[in-house]
Amino acid sequence: MQEAWLNFIIVFFVQLLLFITHAWYEKKLSEIPHILGRGFLIGIVLGLLFELGLGKFLGFWSNTLGFGIFFLTLNTALLYGLFAANTLLMQQTRLIHFYIWTMIVAGVSEITNIFFHMFTWEFSYLPPIEYLIILSAGYFGGAIFVAIISHVFFGRHFFFLDNLFKK
């Protein structure tokens, strides 16, 4: 059990380092506290929907630390929060940039999970191409969900969403 918590801490710091790198790339280092605050709030909503809906009830994955309230609280606020914060960094980007950075975040998450195991996909038996398509769609769908929540509840417009609705 201690190893699982150590893995959680390592995964958190890897995701935090990725977020800081991404903020530097987007030239938004001064906005980090604000973005993290909104990211953690959105992460709780996104995380609970994904963890309970897709993970626990539909069984798409299992967590090494389970689905208990303490772990869910930390996981949704911190890890899903960092995912949401990474998404919030991309308000002024085009859809292709948004997609590429979402896949970078997904790739780092998946590679980190290989070395510091936190979850197991229950559909990993699929052929590699189908497996990657499902993972890509899940992460990209989550990022779009974050953009929509941010747009609706925080009034933060995303360039690619504005362009989509103008047409």
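Reader: In which helix does Ser 150 lie?

Author: In this predicted model, Ser 150 lies in helix α5. The protein chain holds six helices and two strands, and their order along the sequence is α-α-β-α-α-β-α-α.

Reader: Is Ser 150 buried or exposed?

Author: The general idea is to compare the relative accessible area with a cut-off, since a residue counts as buried when the value is under 20%. Ser 150 has a relative accessible area of 0%, and it is therefore buried.

Reader: Which residues does Ser 150 touch, not counting residues up to four places away in sequence?

Author: Ser 150 touches Ile 42, Leu 88, Gly 155, Arg 156 and Phe 158, with residues up to four places away in sequence left out.

Reader: Which other residues of α5 are buried?

Author: The general idea concerns the helical repeat. An α-helix has 3.6 residues a turn, so residues three or four places apart point the same way. In α5, the buried residues include Tyr 131, Leu 135, Tyr 139, Gly 142, Val 146 and Ser 150.

Reader: How does one judge the span of a helix such as α5?

Author: One sets the distance between the end C-alpha atoms beside the value expected at 1.5 Å a residue. Helix α5, residues 128-154, has 27 residues and reaches 38 Å, close to the expected 39 Å. Helix α1, residues 2-25, can be read likewise: its 24 residues should span 34 Å, and its end C-alpha atoms are 35 Å apart, which agrees.

Reader: Against which helices do the buried residues of α1 pack?

Author: They pack against α2, α3 (69-88) and α4 (95-115). Among the buried residues of α1 are Phe 8, Val 11, Phe 12, Leu 18 and Phe 19.

Reader: What can be read from Ile 44, in helix α2?

Author: Ile 44 lies in helix α2, residues 32-57. Its relative accessible area is 34%, and it is therefore partly exposed. Leaving out residues up to four places away in sequence, Ile 44 touches Thr 76 and Ala 77. Ile 44 and Leu 74 are 30 residues apart in sequence, while their C-alpha atoms are 9.0 Å apart in space.

Reader: How many of the contacts in the chain join residues at least 24 apart?

Author: Of the contacts between residues at least 6 apart in sequence, 75% join residues at least 24 apart.

Reader: What radius of gyration would a compact globule of 167 residues have, and what does the protein chain have?

Author: A compact globule with 167 residues would have a radius of gyration near 15 Å; the chain has 16 Å, which agrees. Its C-alpha trace spans about 45 × 35 × 25 Å along the principal axes. Buried residues make up 43% of the 167 residues.

Reader: How much of the accessible surface belongs to carbon and sulfur atoms?

Author: The accessible surface of the protein chain comes to about 9,200 Å², and 74% of it belongs to carbon and sulfur atoms. As for charge, the mean positions of the 8 positive and 8 negative charges are 16 Å apart.

Technical notes. Residues numbered from 1 in each chain as written. Predicted model: local features only at pLDDT ≥ 70, side-chain atom pairs only at ≥ 80, totals over all residues. Heavy atoms only, no water. Helix = DSSP H or I, 4+ residues; strand = E, 2+ residues; numbered from the N terminus. Rg over C-alpha atoms; globule rule 2.2 N^0.38 Å. Buried < 20%, exposed > 50% of the residue type's maximum accessible area, 1.4 Å probe, protein only. Contact = heavy atoms within 4.5 Å. Areas by Shrake-Rupley, 256 points an atom, 1.4 Å probe, with all protein chains shown as cover. Lys, Arg positive; Asp, Glu negative; His and termini not counted. Charge placed at Lys NZ, Arg CZ, Asp CG, Glu CD. Expected span 1.5 Å × (residues − 1).
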